[in-house]
Amino acid sequence: MRGEPVIEPGRHEVLRVLADRVRHGSRPGERQDGHRVALAIEGGGMRGTISAGMALALYESGVTHAFDAVYGASAGAITAAWLLSGTPEQLSGWAEPVYARQMIRPSNLLRGRPVVDVHNLVERLYREVARMDFDAVLANPVEYHPLATDVRTGLSTDLRPHLSGPAELRLALRASAALPFLAGPPVELAGRLYYDAGLAESVPYRTALAQGASHVLVLRSRPAPVAGIGVPVAGPGARPSYGARLIAATVLRRHPEELHRSFLTRGHRLLHDDALLARYDQAVPPMPGPSADGRVPAVLSVRPGPDAPRVGRLTRNGKPLKAALEAGRVAVDRLLRPLGG
């Protein structure tokens, strides 16, 4: 551990509440402040190495127990599980090329197999090599909420109600990262089919808020846009790419229209999320009024710095991955200013 985080007075409300909980040794199930504080972790394939570095820094700073729930989308769901496992230090494995090459296999395209082999990652590596303590994730008093996209409705879905054991947890990890075409077919869990969470909710803060979170810290895997952002209505920046339209017309052609709509509008939705999250960061409530209990939720995003490496969804090279992990750690270290960091 790196020591208790030091949060300067007057900083964002999310940081104030986290620091107060750490300072008083507050634990899940024993809270006295009346808040529900959530951590939301963005994925994005191997770009999720950045948000994994952020999660690792939270663990090293002793902040994990200050959250009531952790929400993860796609690779962010995998990072969330490691954070709540018995060995969160293994989050550093995101930067190990040997694991990246076990999951990212471009030659599989020639064999008619998924380029992103999430099944191999979860069912072999996480069970036999870099073993994840699935029981510890399920038993952790900090709630684990992996998200995925329901094929039938096209909506973001919290898979927590289906986590009845380790086997179901592994299915949820695979479902959350089942990107169409790249990662193969949808994953079945509890009689429903699910694709990657990113089709409906790339940045999993909306579900956290809908489930009553009063404070949300969001770990972003994308750097902030260079130009100023606003809420887009339409335009070329939000238009689906040719590749996305091709996947919708081929891989998703037999699925319901609701799924097509979610998949093709995710770019627009991400721009909209960027605009709302930017307003939250400035402590300007983007909602029309307070929540049902009279409070406006506080949301703060952590993004990698402008000098962070540009890691792609399919990056396998160890050098940029290690730099990405470190960029995530640095971003959180700067935010928390832990003693001895």
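Predicted model: local features only at pLDDT ≥ 70, side-chain atom pairs only at ≥ 80, totals over all residues.
When residues up to four places away in sequence are left out, Leu 217 touches Val 14, Leu 18, Ala 38, Leu 39, Ala 40, Leu 58, Phe 67, Leu 300, Val 302 and Leu 335. In soluble globular proteins, nonpolar side chains tend to be buried together.

Helix 3, which spans residues 75-83, is largely enclosed by the rest of the structure, because nine of its nine residues are buried. These buried residues are Ala 75, Gly 76, Ala 77, Ile 78, Thr 79, Ala 80, Ala 81, Trp 82 and Leu 83.

Across the whole structure, 19 salt bridges are found. One of these lies in helix 1 (residues 13-23), where Asp 20 pairs with Arg 23 and the closest N and O atoms are 3.2 Å apart. Because Asp 20 and Arg 23 are three residues apart in this helix, about one helical turn separates them. Asp 20 is partly exposed, with a relative accessibility of 24%, and Arg 23 is likewise partly exposed, at 47%.

Glu 42 forms a salt bridge with Arg 220, with 2.8 Å between the closest N and O atoms. Since Glu 42 lies in the loop between strand 1 (37-41) and helix 2 (48-60), and Arg 220 in the loop between strand 7 (215-219) and helix 9 (242-249), this pair ties together parts that are 178 residues apart in sequence. Both Glu 42 and Arg 220 are buried. Glu 42 also meets the side chain of Arg 222 in a salt bridge, at an N to O distance of 2.0 Å; this pair links the loop between strand 7 and helix 9, which holds Arg 222, to the loop between strand 1 and helix 2, which holds Glu 42, across 180 residues. Arg 222 is partly exposed, with a relative accessible area of 22%, whereas Glu 42 counts as buried because its relative accessibility is 1%. Through shared partners, salt bridges join Glu 42, Arg 220, Arg 222, Asp 274 and Arg 303 into one network.

On the surface, Leu 109, Phe 181 and Val 251 form a nonpolar patch, with about 260 Å² of accessible area together. Phe 181 is located in the loop between helix 7 (166-176) and strand 5 (187-189), and its relative accessibility of 42% places Phe 181 among the partly exposed residues.

Technical notes: Residues numbered from 1 in each chain as written. Heavy atoms only, no water. Patch = residues over 30% accessible without salt bridge, like charges linked within 9 Å, V, L, I, M, F, W, Y side chains within 5 Å. Areas by Shrake-Rupley, 256 points an atom, 1.4 Å probe, with all protein chains shown as cover. Salt bridge = Lys/Arg side-chain N within 4 Å of Asp/Glu carboxyl O. Helix = DSSP H or I, 4+ residues; strand = E, 2+ residues; numbered from the N terminus. Buried < 20%, exposed > 50% of the residue type's maximum accessible area, 1.4 Å probe, protein only. Contact = heavy atoms within 4.5 Å.
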